[in-house]
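Thank you all for coming.

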Amino acid sequence: MSTFKDFRVSTDMGLSVNPWTVGAKAGYDLMIAALGYEERATFAAKQLGYSASRKIAFGFMHRQVLHFKENMDWFFKAGFEVIEAKDGEEFELAAEAALKSQSRAAGDRQIRVCVDISSFSRQRLAFLTSFLLRHMEGKPIVDFIYAPSTFAPPQEDDLPISYCEPVTSEFGAWPVGSDLPTALICGLGYERDRALGVDEYLDAAGSWLFFPTGPIPEFVPEVRKANAELLEGFPLDRVIYYDLATPFATFARLQSLVSGLVDNYRPVLVPLGPKPFALATLLVGLAHSPHVSVWRVSAGQTEEPVDRPPQGDLVGLTVSRE
Amino acid sequence: MGCGVSHGVVIVSAAFELPSQFETFNARSLRPDEVARTFVPPEHFWTIAKPSHTMIVGPRGSGKTTLLKMLQQPALEAWHGEDAGRARRQIGYTSVFIPTDRSWQIRFGGVGPANSDAFPRLGQAAFSTHVLRALVGAFRHRSGRTVDLMIHRFPHRRAQLSGKAERELSSTLAGAWRLPVSVPTLAGVHLALTERLMEIRMLALQVEDRTRHQLPATELPEFVYLTFVEAAVLGVEAFETAANVGSGKWAMLFDELELAPAAIRTELISAPRSVDDRFIFKLSLSPFSKELGALERPDAPAPGHDFVSVQLSYPRKEDGYGFCRALLSQMLRARNLSDVPAEEVFGRSVFSTDPVAYRKGKSAYGPDSAITRDYKELSRRDESFRVYLDERGIDLNNLHEGSHSQRAAEVRKLRALVAVRNAFRRADTDEHKPQRLRSRKAPALYAGADALFAAVEGNPRLFIGIIGGIFDAATGAGWRYPISRPIQSREVERASHRFLALLRTIPVISDEGAFQQGRPKGVLDVIRNIGEAFRKEIVSGPFDPEPFGSFTVDSHSAETTVDLLGLALNSGGIVYVPDPDGAEVLSSLRGKRFRLSYLVAAAYGLPPRLDKAVSLSRLLSTLEHSGASGDVDVQRLPGIN
């Protein structure tokens with residue numbers, strides 16, 4: 001992580017992206033967490049939330065299982081406002097109202113926001129990222145924090161896909177250059193053949209894969225096994241390895257690749273796999289809007305809940321509008 | 001963009017040379033002149049090229065986009081070869097290619113608020129803008145205003161347009177289409193239409209935002225009320241006047257209409273009866289769309305009268321072989337390899353039932369031949385087969401004796417059944433043990449010219465993918481033919497595996513309620529059930545010389561299942577088997593006959609044969625009654641392991 005602490009990436013849209021470090025001064029005006037069923041849902045809040053002036057946990061209305069009750073009790077005790085909302089419009093209105101009120105209270109002062117992305121769905125994360133960095137007044141400085149989990153073996157996932165589409169309408173590319181060929185940039189997870197299915201479904205002119213590595217070595221062979229058919233014979237220079245522990249490097253690699261592609265292709269980013277890659281795709285999607293789209297491919301609420309205990313570290317990015 | 005990092009930066013070259021194995025086989029990504037470079041015209045092309053309204057129906061990858069792109073002026077000018085001159089002579093109209101975009105359907109079909117009237121209006125405006133942008137592209141080609149990437153050796157329908165005429169034309173278009181054009185050239189009009197698309201996007205996001213906050217709708221600008229037909233008529237007249245060319249025909253080529261919003265699809269399907277007769281409509285569609293019910297109204301355009309319908313799938317596999325052979329020749333020549341017959345390159349398939357080959361090779365059924373050995377092996381391992389032979393009085397040592405008799409022909413037809421039962425069926429050694437798949441790796445069954453041609457279903461994208469993969473692997477192993485069967489079989493397995501992954505990825509709506517009623521079903525689930533039921537019928541059950549191998553969607557089939565089969569049909573997972581006078585485009589699957597695609601069939605150890613039909617509900621009930629699906633080790637089958 002420290003390797004990149006002196007670097008910064010700016011984008012055409014005017015996003016400034018920096019590595020976040022554990023030692024960074026918190027002093028947040030607002031901390032946002034997800035109230036879900038994973039054990040790690042409270043981990044970042046326990047480390048960083050003490051200093052926040054206002055704390056909000058957005059709860060899911062479905063799958064209130066595993067650690068959900070325990071997490072809710074903790075958030076209440078720690079002084080979080082718990083806002084439960086259905087996915088989609090209900091969540092977006094609630095989140096927007098909360099963020100706007102915070103912005104109004106701050107007046108002209110630039111506020112600092114911390115978002116724990118670990119347990120958010122991609123759809124909710126997409127809305128928050130877009131609203132904070134594109135629409136919110138006052139140009140907040142946002143720390144996106146992620147708590148890597150310990151190893152959990154993959155499930156025998158054979159559920160049908162419910163969603164294979166832009167993660168939100170803001171991240172759906174517009175057919176201005178529909179005569180350009182599609183380029184697929186896909187993160188790899190350990191859902192068997194899911195990336196292969198996406199590759200076939202989009203039938204892109206060219207594909208690039210982002211392969212997660214990191215502090216938990218058990219993940220790597222599982223990812224390789226789940227994607228064996230796709231990886232067999234895949235050009236090595238199109239498989240880009242990224243380290244979960246260095247989200248800034250991940251963002252920089254993705255931003256670099258998309259910048260090189262965007263004049264000749266319409267890139268479609270599909271963030272399967274860990275959340276830091278999903279965050280990187282959303283930031284790059286914003287930076288190159290409307291020429292780049294970010295999709296979600298998932299079985300939605302039909303996926304079996306899996307607990308993910310925190311591994312013990314926090315990593316992140318600091319992002320602001322320039 | 002400024003990028004201040006030196007670490008972790010991915011260097012992307014400007015040229016983007018793609019390795020051949022991972023190149024796209026989708027014409028959507030190629031320029032018309034690139035499509036022309038390797039184009040092999042199937043027989044359908046000449047029907048499609050006629051100056052008549054045409055509906056081109058085929059599943060994903062069946063070549064619809066290629067065929068439409070080849071009607072365009074840049075493709076015709078770049079095409080050389082023995083058929084190119086004929087095409088240039090036959091095509092006396094100007095083609096305007098209009099691709100449908102997936103993201104466009106999602107924008108107006110799924111994500112937007114359902115209660116907003118503005119969204120359909122904006123969708124229509126985006127569509128009209130798209131059409132006009134493509135039309136201006138065609139004007140630019142005809143008048144030589146494009147930056148050509150190659151020298152056009154074969155001019156086709158070129159028109160002279162002076163600078164003054166271009167300025168006047170641009171001003172006319174700008175006025176009629178309500179466009180703020182800053183530079184009065186065709187390029188300027190094109191750019192203004194691009195900017196309009198951006199404006200529509202902004203309007204759509206604003207409408208979405210206001211609807212979410214329950215604010216009153218804003219007034220939409222005047223241009224959203226332009227209809228594409230009137231705007232296009234005016235544009236064409238203005239162009240023909242400016243270029244001083246006579247009034248001609250213009251073909252509007254709408255590609256992948258299955259991705260377009262339903263309202264637009266319906267409008268275009270009904271268009272041939274209502275639009276200006278200078279326009280020809282050529283529409284490409286997937287085989288199934290509920291909106292095609294519009295064709296069943298008494299006043300609707302009728303196949304054979306108002307438009308020609310061209311089916312790009314091959315219910316009977318042999319119908320696609322001619323195209324496969326032509327494509328193979330082209331691929332061999334492109335690699336500087338000898339253009340030899342397919343049977344020499346790939347060998348003969350065990351599924352081949354070619355009677356000529358049988359007569360020529362009478363010894364193929366001799367007592368010690370490989371085929372007879374297969375029959376004998378099955379008779380040892382499969383009691384039901386042995387009983388069948390005994391009842392028919394068939395002596396496996398004398399198969400070659402009755403080469404002209406009906407019985408010999410019957411026995412020959414069993415060859416594919418014998419092959420799959422030998423390969424995948426466990427021997428009858430334990431009467432009390434449920435019949436399961438044989439515990440050995442799938443042999444190289446799906447190899448040989450006929451098997452490969454059957455697997456690709458005359459689908460050029462599949463053909464190029466599978467045969468290209470075989471050529472790559474064979475070249476790596478030191479090219480010689482016939483190419484080894486394991487290499488061929490492995491590529492079929494890979495293609496089959498990829499295809500099943502695609503079927504799993506096709507999104508289906510599964511809300512929380514559906515999950516509470518049990519595990520939701522997807523396209524692959526339905527296909528898997530059908531595949532397993534047929535496998536029980538053909539491979540693991542008692543021997544039947546005429547098994548069920550196709551199905552009819554009956555009235556008892558669940559609506560959800562039928563909807564999923566519609567998705568499977570459009571993706572090529574199942575193939576429609578029409579009656580001789582049956583419809584070629586479907587608005588309902590009920591009462592229609594289908595078979596599994598042969599690539600899917602290979603994944604379930606089934607032979608590439610069109611067997612007799614059973615009702616879908618009866619077929620699936622065989623699984624429910626026996627629980628047979630749990631008895632089978634799917635992992636050993638090709639395409640799944």
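Let me start with chain A, where, among contacts between residues at least 6 apart in sequence, 82% join residues at least 24 apart; a contact here means that the C-beta atoms of two residues, placed from the backbone, lie within 7 Å. Residues are numbered from 1 along each chain as its sequence is written, and chains are lettered from A and ligands numbered from 1 in the order in which they are written.

Chain A has 9 helices and 14 strands, where helices (H or I, at least four residues) and strands (E, at least two) are DSSP runs, numbered from the N terminus. Its radius of gyration is 19 Å, close to the 20 Å that the globule rule gives for 322 residues, so chain A is as compact as a globular protein of that length; the radius is taken over C-alpha atoms, and the rule is 2.2 Å times the number of residues to the power 0.38. Of the 322 residues in chain A, 59% are buried, and by buried I mean that 20 or more other C-beta atoms lie within 10 Å of the residue's own, with 12 or fewer counting as exposed, anything in between as partly exposed, and C-beta atoms placed from the backbone.

How confident is the predictor about chain B? Over residues 1–24 of chain B, however, the pLDDT is below 50, and where pLDDT is low, the predicted coordinates should not be read in detail. For the model as a whole, the scores are ipTM 0.92 and pTM 0.89.

Chain B contains an open sheet of 5 strands in the order β2-β3-β4-β1-β5, with parallel pairing, and two strands pair if DSSP finds at least two bridges between them. At the edges stand β2 (93–99) and β5 (308–311) of chain B, each with a single partner strand, so one side of each is left without a neighbour in the sheet. Within this chain, 5 bridges join β3 (residues 249–255) to β4 (residues 279–285), and Trp250(B) stands opposite Phe279(B) in β4(B).

Now look at helix α20 of chain B, residues 460–476, which has 17 residues and reaches 24 Å from its first C-alpha to its last, close to the 24 Å expected, that is, 1.5 Å times one less than its number of residues. Is α20(B) enclosed or open? Because 12 of its 17 residues are buried, α20(B) is largely enclosed by the rest of the structure, and its buried residues pack against several helices of chain B, including α12 (321–334) and α21 (485–505). Just after α20(B), Gly478(B) takes a positive phi of about 85°.

I will end with some backbone details, bearing in mind that most residues other than glycine have a negative phi, and most peptide bonds are trans. A cis peptide bond joins Tyr481(B) and Pro482(B), with omega about 5°, and Pro482(B) lies in the loop between α20 and α21 of chain B. Asn336(B) has a positive phi of about 55° although it is not a glycine, and Asn336(B) is exposed, with 6 other C-beta atoms within 10 Å.

Definitions and conventions. Predicted model: local features only at pLDDT ≥ 70, side-chain atom pairs only at ≥ 80, totals over all residues. pLDDT = per-residue confidence, 0-100.
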